[in-house]
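Here is a short briefing for a first look at this structure. Please view the sequence and the model before reading on.

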Amino acid sequence: MGTTPQRLDVLFLTHNFPRRDGDYAGRFLERLARLLTERGVRIGVVVPHDPGAAEYEEMSGIPVWRFRYASDEDEVLAYRGQAVAPSILGSR
């Protein structure tokens with residue numbers, strides 16, 4: 001009696017992922033996602049939005065959801081190396 005292998009589903013929760021072709025931010029994660037997809041793993045990515053990036057798209061067949069957390073002017077937490085956004089958190 002054999003067993004049927006189950007497909008593995010993996011969700012990447014990250015602070016950066018490529019926003020377009022040629023973008024280096026999170027490129028290693030896109031590569032890992034593609035390699036896992038080639039091995040039958042179903043991948044999804046959730047990442048902060050960045051001005052100009054699509055809120056949803058498929059990159060190399062991988063669904064990417066970018067959540068908005070502020071206005072375009074205040075979306076500065078990801079992709080820029082800033083750990084704190086003074087305009088969102090207020091000055092201290």
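The points below cover the sheet, a surface patch and an aromatic pair.

This is a predicted model. A nonpolar patch on the surface includes Tyr56 and Trp65.

- Strand 2 (residues 42-48) and strand 4 (residues 62-67) run parallel, joined by four bridges.
- Pro48 has Phe67 of strand 4 opposite.

**The nonpolar patch**
- Four residues make up this surface patch: Leu11, Leu13, Tyr56 and Trp65.
- Together they have about 450 Å² of accessible area.
- Tyr56 belongs to strand 3, which spans residues 56-59.
- The relative accessible area of Tyr56 is 40%, so this residue counts as partly exposed.
- Trp65 is also partly exposed, because its relative accessible area is 39%.
- Partly exposed residues fall between the buried limit, under 20%, and the exposed limit, over 50%.

**The aromatic pairs**
- The model has two aromatic pairs.
- Tyr56 and Trp65 have ring centres 5.5 Å apart, and their planes lie at 50°.
- That pair is therefore tilted. Stacked pairs need planes under 30 degrees apart, and edge-to-face pairs need over 60.

Notes:
Residues numbered from 1 in each chain as written. Predicted model: local features only at pLDDT ≥ 70, side-chain atom pairs only at ≥ 80, totals over all residues. Heavy atoms only, no water. Patch = residues over 30% accessible without salt bridge, like charges linked within 9 Å, V, L, I, M, F, W, Y side chains within 5 Å. Areas by Shrake-Rupley, 256 points an atom, 1.4 Å probe, with all protein chains shown as cover. Salt bridge = Lys/Arg side-chain N within 4 Å of Asp/Glu carboxyl O. Helix = DSSP H or I, 4+ residues; strand = E, 2+ residues; numbered from the N terminus. Buried < 20%, exposed > 50% of the residue type's maximum accessible area, 1.4 Å probe, protein only. Phe/Tyr/Trp six-rings, centres within 6.5 Å; stacked < 30°, edge-to-face > 60°. Pairing = 2+ DSSP bridges.
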